[in-house]
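Here are a few notes to read beside the structure.

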Amino acid sequence: MLAYMQNIYSFSKFHNSLARMDRTHLLSDQDEAHPGPSCPAGSYADPNAVPNDGATAPPADLMPVVPGYESLGPNVIPPSNFGSAQPEAPSRVPERRFDIPAITEELAHEAFIKYASSKCCYSSKPAKEMVFTDLQSLNTYRYRLETFTESRTTEWDSEPYNGQVVDGFGVAPAPWSIPVPIPSLFQDCVKSIRVPHTSTVKGCHSCLNLGRSACSRCVNSGRTRCSHCGGMGRTGSNRCSLCQGSGMTRCHSCGGVGSIKCKTCKGQGKLLCFIKLKITWKNNVYVAVIDKGSGFPVELLDQITGEKLLTDMAPMVYPVVSFPDSSVNAASESAVREHQAQFVTTCRILQQRQTIELIPITRVHYVWNQKTHIYFVYGTEHKVYSKDYPAKCCCCSIL
Ligand SMILES: [Zn+2]
Ligand SMILES: [Zn+2]
Ligand SMILES: [Zn+2]
């Protein structure tokens, strides 16, 4: 039986874990802020990239009702005919002992000396002179479940109409029946496509079909206050040479016309409106680190690679049941259950992948200067964590 206390430290994260694993040494908040890897653009240019008045399509109440598309908007469309995938049989876990000490005394010593010399204010004396009293294996498991999902939303969109083909006849296919190839498994991506047979031509709501809208700089007058005299008509005692004393000059924005080309319809006065299907692929990650309650800060393990004990990939995975450490089985069960509950009604679960990693951690007890201290050696990289290094100067701020 397991005598030590076991805590499960778990958290769900919505980001690309593959990218994260590739740059474990550089992980920072800044990295998280970057979008995921780029994915192929949609079948037409992103309307948001086109500067316009912010209105991309006429108000919804001006638009026809398309059967199967009665309620458009930001809410995801529940997948149809899904949830029928059955989990595969439990995967076999390799049988072996995981409780053996992770490293030898020589390795632990070497790692400690390297650690001390990497800190500018640490004396290397304790690391060199210390005497081992005990090495304990605290090998830790990291369970990870990735659920790769696809969700779909629909909304009206438009582009300026200048005589292009209008695909407006026929029955629009249901949102989930439109085949869209998956760009890449376990990678976040967004794509937009036009729903067939939903196109219609409408007058532009921004300019009331005129193709032009009022110049906001001169408020339709075509003239603005003279920049040279500030509208006074005079500079000192002289008549302003720029506006000839009128205080007004021709508006630069509209060239004096008082109106500008409508940004929504690009001057066409008409819009080609259509229903846009937005497809979002997301890799949802659940991580559980089985902490042995050893005082080791488990968050340090985020940047550490472990030894892969199990990788199991299927459209729907079965929770791990036969792992020697029952906490891992429990973590797997709650991860699978949580992701099922979270995604099955709103997304299509395309693929799941679960992994179990063994992360070697060794707790080292040693004596230096007649006092006992502790440090940890962790990860296949043999990193060192020490809370109470015995000889460091107080000015040390680089940790
Ligand atoms: Zn002037
Ligand atoms: Zn103007
Ligand atoms: Zn317009």
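1. Start with the outside of helix H3. On the face turned away from its buried side sit the exposed residues Glu106, Ser117 and Ser118. Keep in mind that this is a predicted model.

2. Now the helix itself. H3 covers residues 105-118, 14 residues in total. From first C-alpha to last it reaches 20 Å, close to the 20 Å expected at 1.5 Å a residue.

3. Which residues of H3 are buried? They are Ala108, Ala111, Phe112, Tyr115 and Ala116. These residues lie on the same side of H3 because they cover an arc of only 135 degrees around the axis. The general rule: an α-helix has 3.6 residues a turn, so residues three or four places apart point the same way.

4. What do the buried residues of H3 pack against? One partner is a helix, H4 (125-129). The strands are S2 (131-137), S15 (361-368), S16 (371-378) and S17 (383-385).

5. The largest nonpolar core has 37 residues. Phe112, Val377 and Val384 are among those with the most contacts inside it, as are Tyr143, Ala288, Val328 and Ala335. Elements that give two or more residues to this core include H3, strand S3 (140-160) and helix H5 (326-343). Strand S12 (270-291) is another. S12 gives the most, with six residues.

6. Another core, of 20 residues, lies apart from the largest one. Trp156, Cys204, Phe274 and Ile279 are among its members.

Note on methods:
Residues are numbered from 1 along each chain as its sequence is written. Chains are lettered from A and ligands numbered from 1 in the order in which they are written. This is a predicted model: local features need pLDDT of at least 70, side-chain atom pairs count only at pLDDT 80 or more; totals for chains, interfaces and linings use all residues. Helices (H or I, at least four residues) and strands (E, at least two) are DSSP runs, numbered from the N terminus. The expected span of a helix is 1.5 Å times one less than its number of residues. A residue is buried if 20 or more other C-beta atoms lie within 10 Å of its own, exposed if 12 or fewer, and partly exposed in between; C-beta atoms are placed from the backbone. The arc is that of the directions from the helix axis to the C-beta atoms. Two residues are in contact if their C-beta atoms, placed from the backbone, lie within 7 Å. A nonpolar core is a set of buried Ala, Val, Leu, Ile, Met, Phe, Trp, Tyr and Cys residues joined through C-beta atoms within 7 Å.
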